[in-house]
2 protein chains.
Amino acid sequence: MVKEIENFRDYLAQIISMDKETFDIAIKYFEAEHFARNEYFVHEGQSCNRIAYISKGLFRIYYLKEGNEINTCFCKENSITSSFNSFINHIPSTETIQALEDSVVVTLSSENLGKLFRESDIWQTISRLLTEKECLRLSERAGLLSFETALEKYKNLLKNQPELIQRVPIQYIASYIGVSRETLSRIRAKIR
Amino acid sequence: MVKEIENFRDYLAQIISMDKETFDIAIKYFEAEHFARNEYFVHEGQSCNRIAYISKGLFRIYYLKEGNEINTCFCKENSITSSFNSFINHIPSTETIQALEDSVVVTLSSENLGKLFRESDIWQTISRLLTEKECLRLSERAGLLSFETALEKYKNLLKNQPELIQRVPIQYIASYIGVSRETLSRIRAKIR
DNA sequence: CAGTTCAATTGACATATGTCACAAAATTCA
DNA sequence: TGAATTTTGTGACATATGTCAATTGAACTG
């Protein structure tokens, strides 16, 4: 089935214009994979040697802090997910990535990405642009976490990523915005 | 004076190995600049069309939130500073960058960076690697800001960037770790 | 060097948020 | 469908932190 590959093509087309052939040559390096709900893309401690374009579904990234799961990111369809630090620097991942819904992804191993780098400069550029996107996301998140009240942070999320509240359990949302489960629950009661 | 250019060369050498000539060709695009203490590299609202390698000195990055300055980053010698989102996407900066000490930098305009991209792939790679570094820094910062007590955050800073406490006014440190000036002051009193 | 401004500290107090315990609701799965 | 499990919501309470005000200390300036 090639639908997910086509989705990936469209996704990249939004980032950079690219010859059909350039992409087609790369297809051999891609791999379609299915993740059932609750399955793991990578576990903390494992090296994450591939990146995934999410064609369908939803993942969360979290790490453990004193036994509690801290969610740092929710990655939905038509975006990229990976444990970037692990992927880039070939070190064990400090975070776990888990499917929250049945998901279909297109993966690319770091080995194959290396090959693509050698085959065409465009992959180097794509990689840079995607990294820049990730940077932007992270700085927005850092801004959100500092100096906002729990209420403001939740409203902010409602504004920027309203679907998440429908698709992600509230307990996960809580740690994502840096408040306790109970506090978030009370905030939600107040807003209604 | 070329000392700051040589520092920049050494800095890049740590990131990627590079022909002497490749760097030398690029030198014509670089510009050495001095910033006196309290001078601004970029103001909020301005477009930040250049990036700076800091050969000597210290800068802070901050934005205004309800009249208060929120410091998001301190950039010291032998590192890069810029308002990245503005620089990359050619949009007005949401943040201000100010010298905290007399500083000497090597700047590169986005226009000239574009030229370098066309002259040699290596600048594309360097750009990606620097962006990846920035990503890492940001995700660490996000981790620090969420789910740490004020005390933990301060201790963390002491551990990871102890010089900052010597070089940066405490009030700036406070907003950097996301606590009030007064709270930080009390924490410091307790630790001693 | 005195005077002024700015930065850091400290106290008193209000409050937002975390924690623990339990109840209610929703979801899962046999 | 119904029991079991998980998730969400509430209450009571403790506490960390913010806010406002006053004080002390340091740094700059003429």
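The side chains of B:Arg137 and B:Glu134 meet in a salt bridge, with an N to O distance of 3.1 Å; the term denotes a side-chain nitrogen of Lys or Arg within 4 Å of a carboxyl oxygen of Asp or Glu. Both residues belong to helix H5 (residues 121–145) of chain B, where they lie three residues apart, about one turn of the helix. Helices are DSSP runs of H or I with at least four residues, strands are runs of E with at least two, and both are numbered from the N terminus. B:Glu134 is buried, with a relative accessible area of 16%, whereas B:Arg137 counts as partly exposed at 26%. Here buried means under 20% relative accessible area, exposed over 50%, and partly exposed in between (1.4 Å probe, protein chains only).

## Basis of the model

This is a predicted model, in which local features need pLDDT of at least 70 and side-chain atom pairs count only at pLDDT 80 or more, while totals for chains, interfaces and linings use all residues. Residues are numbered from 1 along each chain as its sequence is written, chains are lettered from A and ligands numbered from 1 in the order in which they are written, and side-chain values use heavy atoms, with hydrogens and water left out.

## Further salt bridges

Over all chains, a search of the whole structure finds 26 salt bridges. In one of them, B:Arg167 pairs with B:Glu77, the closest N and O atoms being 2.8 Å apart. This pair links distant parts of the chain, 90 residues apart: B:Arg167 is in helix H7 (residues 162–167) of chain B, and B:Glu77 is in the loop between strand S5 (68–76) and strand S6 (79–81). B:Arg167 counts as partly exposed at 24% relative accessibility, and B:Glu77 counts as partly exposed at 28%.

In chain A, A:Lys65 forms a salt bridge with A:Glu66, with 3.7 Å between the closest N and O atoms. A:Lys65 is buried, at a relative accessible area of 18%, but A:Glu66 is exposed, at 71%.

## The interface of chains A and B

Chain A contributes 28 residues that are in contact with 28 residues of chain B, contact meaning heavy atoms within 4.5 Å. The two chains bury about 2,400 Å² between them, 66% of it on carbon and sulfur atoms; buried area is the accessible area (1.4 Å probe) that two parts lose on being put together, summed over both. In chain A, the residues that lose the most area to chain B are A:Gln124, A:Arg128 and A:Phe147, together 25% of what that side buries.

Two salt bridges are found across this interface. B:Lys65 forms a salt bridge with A:Glu148, the closest N and O atoms being 3.2 Å apart. On the side of chain A that touches chain B, strand S4 (58–65), helix H3 (84–89) and helix H5 (121–145) each supply at least two residues. Helix H5 of chain A gives the most, with 16 residues.

## A buried lysine without a salt bridge

B:Lys153 is found in helix H6 (residues 150–160) of chain B. This residue is buried yet has no salt bridge, and the nearest side chain of opposite charge, B:Glu148, is 8.1 Å away. For charge, Lys and Arg count as positive and Asp and Glu as negative, while His and the chain ends are not counted. Leaving aside neighbours within four places in sequence, B:Lys153 is in contact with B:Leu144, B:Leu145, B:Glu148, B:Ile177, B:Gly178 and B:Val179.
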